[in-house]
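This briefing covers one protein model, topic by topic. Please read it alongside the sequence and the coordinates.

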Amino acid sequence: MKIEDLTVALRPRTAWEAVELGTALVRRHAAAVWQPWLLLSLPTLLLVNLLCWLVGEVWLAGLVMWWLKPVFDRIPLYVLSRAVFGHVPSLRETARAQWSFGRRWLPAYLSWRRLGPVRAVYLPIDLLEGGVGEEARARRRALGSPVYGVGALVLLVFAHFEIALLLGSVFAVMLFAPNDLVQETAARMWNVFESQQDWVQFATNGLLWMATSVLEPFYVGAGFGLYLNRRTEIEAWDIELVLRRLRRRLSHAAAPLLLLCALWFGALHPAQAQDQDPFVAAQPVGQAAVPPARKGDSTLREVFGPGVVDDDGWRQAVKRTYEDPAVSPRRKVMQWVPKNPQGPKPPQSSNLGWLGEWLASIGEYGLWFVAAAVVLALLLTAPKWLGWIRETSATRKRADDDVIREAAPQEPPLPDDVPTAARRLWQAGRQRDALALVYRASVEAMTQRAHVVLAPGATEAHTLRASRQLPAVEDREAFARIVRVWQIAAYAHGLPAGEEFEDLLTQLSRRFFRTTGTAA
């Protein structure tokens with residue numbers, strides 16, 4: 001690492017300015033960050049979704065991809081840590097480096113450090129510096145402790161932005177719905193989401209990955225900016241960089257300057273060394289004897305020689321230099337001080353002093369008398385109000401027992417010929433009751449054929465998940481169709497046409513019902 005190769009302006013910044021610096025670095029090197037991110041994260045998303053679909057839990061893929069964030073956080077960190085020193089890694093170089101870059105820290109960041117609030121700040125410390133044990137802990141304390149609060153707030157802000165981006169993508173569909181159908185469209189969207197079909201879960205996992213892919217590199221960049229700023233503060237990178245540049249300029253100009261000085265002194269005093277007595281101390285060439293400074297006088301000429309100009313302008317410049325806050329820092333401290341440091345004055349004697357003492361005694365002991373009187377009154381009147389409380393408790397308990405013993409209403413049994421009964425209800429104008437009968441009969445037939453037991457109060461989503469145990473694909477499709485028709489009728493008040501109802505009834509009769517009646 002050569003700090004003279006840094007491509008950013010080094011200066012002490014506030015924590016939030018450092019966060020902005022990190023996000024600016026991500027924007028500058030966006031192509032180098034997102035190309036390897038998409039190359040590595042998209043195949044992982046497809047593979048995880050496939051595996052979770054095979055085990056029948058597609059929703060688990062979104063949780064796995066969220067938990068694997070530290071694995072992909074290494075991509076923007078690797079790019080930024082190289083690009084800030086002038087070398088922007090290529091796509092192939094970044095992809096190859098992920099096999100070994102920070103690999104020994106992955107178990108920690110996928111277990112006990114996964115839910116840490118300052119993960120973005122600690123990642124550069126652990127992955128870039130390579131410390132272990134107590135050394136790594138000391139570096140985390142030194143670099144991360146002063147910005148711990150800011151790092152936690154950055155995590156909170158990015159989490160809210162990620163949720164907003166996810167919900168915004170979902171509700172963007174409502175922008176294309178007509179105003180008079182907004183309520184119906186929202187109800188259908190909620191029913192589709194509640195049904196938890198496979199394609200809905202796949203779409204949700206894709207939206208989660210999209211929101212993470214957009215914001216996660218910026219989160220890592222914000223933590224890297226805080227890390228750079230802390231290194232600049234405690235190691236004075238900005239001062240070291242200026243001194244290195246100054247040394248480089250002086251080294252280039254030192255040789256000609258020394259040669260010129262040697263030639264000038266040689267031409268001006270060619271025989272001075274031979275004329276002087278080697279055993280007698282001589283004054284330096286070109287300088288007169290400087291008398292010792294008296295107490296209170298300036299020692300400027302004594303230190304730097306008589307050629308130094310010590311006038312009023314010089315003194316004013318020195319005074320202004322010392323007044324500079326960077327040279328002589330000052331701070332204003334405010335504290336509470338007593339108004340009267342001598343203490344309170346003794347009260348003057350008064351003829352009404354006895355009255356104040358008497359009122360104070362009443363306030364001190366009167367409350368105890370009042371409390372004793374209240375307790376005594378409660379004890380004396382206990383036979384009157386204690387029985388009333390017991391009677392009220394017993395009445396409430398009897399009422400609760402009556403409610404518990406009350407039998408729950410039972411649904412009427414299904415008719416022997418469900419299609420015929422459903423057609424009669426449909427022709428009588430009770431279309432919703434007809435669909436409810438068909439749906440209840442289909443659920444009962446499905447549970448018997450799939451050998452599953454539904455919990456009381458099971459929703460349509462629960463029945464759909466249970467129908468996956470049906471052996472025949474046609475049975476699963478027929479059951480899913482009646483569930484969708486019933487949801488639209490129950491929640492969106494959308495009834496099918498007569499021909500569609502007849503076709504649905506015919507399909508269900510072949511798959512679930514034993515007999516098929518004719519229209520009455």
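In helix α18, the buried residues are Val418, Pro419, Thr420, Ala421, Ala422, Arg423, Leu425 and Trp426. Buried means under 20% relative accessible area, exposed over 50%, and partly exposed in between (1.4 Å probe, protein chains only). Helix α18 spans residues 418–427, and because eight of its 10 residues are buried, the helix is largely enclosed by the rest of the structure. The model is predicted: local features need pLDDT of at least 70 and side-chain atom pairs count only at pLDDT 80 or more, while totals for chains, interfaces and linings use all residues. Residues are numbered from 1 along each chain as its sequence is written, and side-chain values use heavy atoms, with hydrogens and water left out.

- Ala421 lies in α18 and is buried, with a relative accessible area of 19%.
- Leaving aside neighbours within four places in sequence, Ala421 is in contact (heavy atoms within 4.5 Å) with Pro415 and Leu437.
- The C-alpha atoms of Ala421 and Val438 are separated by 9.2 Å, and the two residues are 17 residues apart along the chain.
- Just after α18, Gly429 takes a positive phi of about 85 degrees.

**Whole chain**

- The protein chain has 22 helices and zero strands; helices (H or I, at least four residues) and strands (E, at least two) are DSSP runs, numbered from the N terminus.
- Of the 520 residues in the protein chain, 32% are buried.
- Among contacts between residues at least 6 apart in sequence, 70% join residues at least 24 apart.

**Ser213**

- Ser213 belongs to helix α11 and is buried, with a relative accessible area of 5%.
- A polar atom of the Ser213 side chain lies 2.8 Å from the backbone oxygen of Trp209.
- Not counting residues up to four places away in sequence, Ser213 touches Trp34 and Trp37.

**Second largest pocket**

- On a 1 Å grid over the protein atoms alone, a cavity is a set of points where a 1.4 Å probe fits but cannot get out, and a pocket is an open set with protein on both sides within 12 Å along at least five of seven lines; lining residues have an atom within 4 Å of a point.
- The second largest pocket has a volume of about 450 Å³, a volume being the space filled by probe spheres set on the points, with grid points joined across faces, edges and corners.
- Its lining has 24 residues, of which Trp66, Lys69, Arg114, Glu162 and Thr212 lie nearest the centre.
- Elements that give two or more residues to this lining are α2 (30–54), α3 (59–67), α4 (69–83), α9 (148–171) and α11 (198–235).
- By class, the lining has 14 nonpolar, five polar and five charged residues; Ala, Val, Leu, Ile, Met, Phe, Trp, Tyr, Cys and Pro count as nonpolar, Asp, Glu, Lys and Arg as charged, and the others, Gly among them, as polar.

**Cavities**

- The whole structure holds two cavities of 30 Å³ or more.
- The largest cavity has a volume of about 40 Å³, and α11 gives the most to its lining, with three residues.
- The second largest cavity has a volume of about 30 Å³, and its lining divides into eight nonpolar, two polar and no charged residues.

How values were computed:
Polar contact = N/O pair within 3.5 Å; in protein donor to acceptor, adjacent residues only side chain to side chain.
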